[in-house]
Structures are given as C-alpha cells and as structure tokens.
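I opened this notebook to keep track of what I looked up, one topic at a time.

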Amino acid sequence: MRDLDVNGIVIPSRFLRATTSRSGGPGGQNVNKVETRVTIEIEIDALPLPDEQKQRIRERLATRISREGVLHVTSQSERTQLANRDRALARIEELLADALRERRPRKKSRTPRGAKEKRLEQKKRRSQTKRLRSRFD
C-alpha cells in the first residue's frame with residue numbers, strides 16, 4: 001500500500017489497515033468467489049499530525065469515525081481488489097485534505113435594498129393578480 005499525501009503532509013502506509021471482503025450486488029460468480037470490497041482504516045490519534053489538526057479531523061469527519069477513533073473508508077464499485085484499494089486510498093486522501101483545509105470565517109452581509117424592493121414589488125404584483133381573479137360585488 002502507498003503512503004498518503006494530504007496537502008503536502010505525507011502519512012506513511014504503516015498507519016493504514018486494509019481489509020477485504022466479498023462485495024455485494026451483481027457480478028455473477030466473481031462476486032461469490034472473490035473478495036473485491038476493500039475497507040481502509042486509519043486511527044486518528046496515531047497520525048503524525050499536531051493535536052489541533054487531529055481535533056479538526058474528528059470534528060469534520062465525526063460521522064465517519066467510530067467511537068474508538070478509527071476512520072473507515074470502503075470501496076466496492078470496481079471489479080478488482082486493486083482498483084477498489086486505489087479508489088479507497090484516493091477517497092481517504094480527499095476526505096482528510098478537505099477536513100484539514102482552513103476555512104475563512106463568513107463575513108456577515110445585509111440584503112441589498114434593491115433586492116428587498118424587487119421582492120416587495122413582486123409580492124404586490126402577485127397580490128393584485130389574485131385580487132383581480134376574485135369575484136367582486
């Protein structure tokens with residue numbers, strides 16, 4: 001297995017654990033005989049990263065991390081174990097890179113006056129249309 005490259009940070013392959021299992025879905029005898037599904041696990045606490053980066057990963061990937069602090073990524077879309085392993089490694093790199101990316105704080109902004117006036121004008125037009133459709137005495 002290859003090392004992971006996450007935003008210039010190299011994570012050695014010794015931190016990764018790969019397991020295989022039989023994949024589901026169509027595929028005939030190949031599915032019944034060959035273990036093509038690949039699950040890659042990486043323990044967040046063991047990563048060679050600063051604590052604030054580990055915490056950021058835990059917060060942003062909370063739904064994918066188990067109680068034991070292990071990130072799981074599974075791939076079963078390809079017909080070969082090798083292709084699934086490559087796809088899972090690429091996905092884990094993508095997830096970690098996205099989690100470690102620093103996000104700029106959002107600047108508060110106000111709705112422009114023109115947008116408010118346009119919305120109110122549309123509401124008045126719609127109201128008038130409905131009024132004209134109704135019966136009158």
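**Entry 1: what kind of model**

I noted at the start that this is a predicted model.

**Entry 2: the sheet**

I looked up how the strands are arranged. Three strands form an open sheet in the order β3-β4-β5, and their pairing is antiparallel. Strands β3 and β5 stand at the edges with a single partner strand each, so one side of each has no neighbour in the sheet. I also looked up the angle: neighbouring strands of this sheet are turned by 20° against each other on average, direction ignored. As background I wrote down that strands of a sheet pair through backbone hydrogen bonds, either parallel or antiparallel.

Next I took the two pairings in turn. Strand β3 covers residues 16–21 and pairs with β4 in the antiparallel sense over six bridges. In this pairing S21 stands opposite R37 of β4, and R17 stands opposite E41 of β4. On the β5 side, six bridges join β4 to β5 (residues 70–75), and these two strands run antiparallel. Here I found I40 opposite V73 of β5.

How many residues of strand β4 are buried? I found that five of its seven residues are, so that the strand, residues 37–43, is mostly covered.

**Entry 3: E41**

I picked E41, which has its place in strand β4. Is E41 buried or exposed? Its relative accessibility is 17%, and because buried means under 20%, E41 counts as buried.

I then listed what E41 touches. Leaving aside neighbours within four places in sequence, E41 is in contact with F15, L16, R17, V70, L71 and H72. With H72 there is also a polar contact, in which the two side chains are joined at 3.3 Å.

**Entry 4: L16**

From the contacts of E41 I went on to L16. Residue L16 lies in strand β3. With a relative accessible area of 8%, L16 is buried. I checked the spacing between L16 and E41: they are 25 residues apart along the chain, and their C-alpha atoms are separated by 5.8 Å.

Which residues does L16 contact, leaving aside its neighbours within four places in sequence? I wrote down M1, R2, L4, I40, E41, I42 and L89.

**Entry 5: helix α2**

I turned to helix α2, residues 51–60, whose buried residues are Q53, K54, R56 and I57. Why do they lie on the same side of α2? They cover an arc of only 160° around the axis, and that puts them on the same side of the helix. On the other side of α2 I found D51, E52 and E59 exposed. I then looked up what the buried side faces: the buried residues of α2 pack against β2 (9–11) and α3.

**Entry 6: salt bridges**

The structure holds eight of them, and I followed up a few.

One of them joins R91 and E94, with the closest N and O atoms 2.7 Å apart. Both residues belong to helix α3 (residues 81–100), and because they are three residues apart there, about one helical turn separates them. Residue R91 counts as partly exposed, at 32% relative accessibility.

Then I came to D98. Residue R101 forms a salt bridge with D98, the closest N and O atoms being 2.7 Å apart. The side chain of R103 also meets that of D98 in a salt bridge, at 3.5 Å from N to O. I recorded D98, R101 and R103 as linked in a network of salt bridges.

Residue R103 counts as partly exposed at 47% relative accessibility.

**Entry 7: looking back**

E41 of strand β4 counts as buried, and its side chain has a polar contact with that of H72. R101 and R103 are linked with D98 in a network of salt bridges.

Notes:
Residues numbered from 1 in each chain as written. Predicted model: local features only at pLDDT ≥ 70, side-chain atom pairs only at ≥ 80, totals over all residues. Heavy atoms only, no water. Salt bridge = Lys/Arg side-chain N within 4 Å of Asp/Glu carboxyl O. Helix = DSSP H or I, 4+ residues; strand = E, 2+ residues; numbered from the N terminus. Buried < 20%, exposed > 50% of the residue type's maximum accessible area, 1.4 Å probe, protein only. Pairing = 2+ DSSP bridges. Polar contact = N/O pair within 3.5 Å; in protein donor to acceptor, adjacent residues only side chain to side chain. Contact = heavy atoms within 4.5 Å. Axes fitted to C-alpha atoms, helices over the stretch in contact; angles between N-to-C directions. Arc of directions from axis to C-beta.
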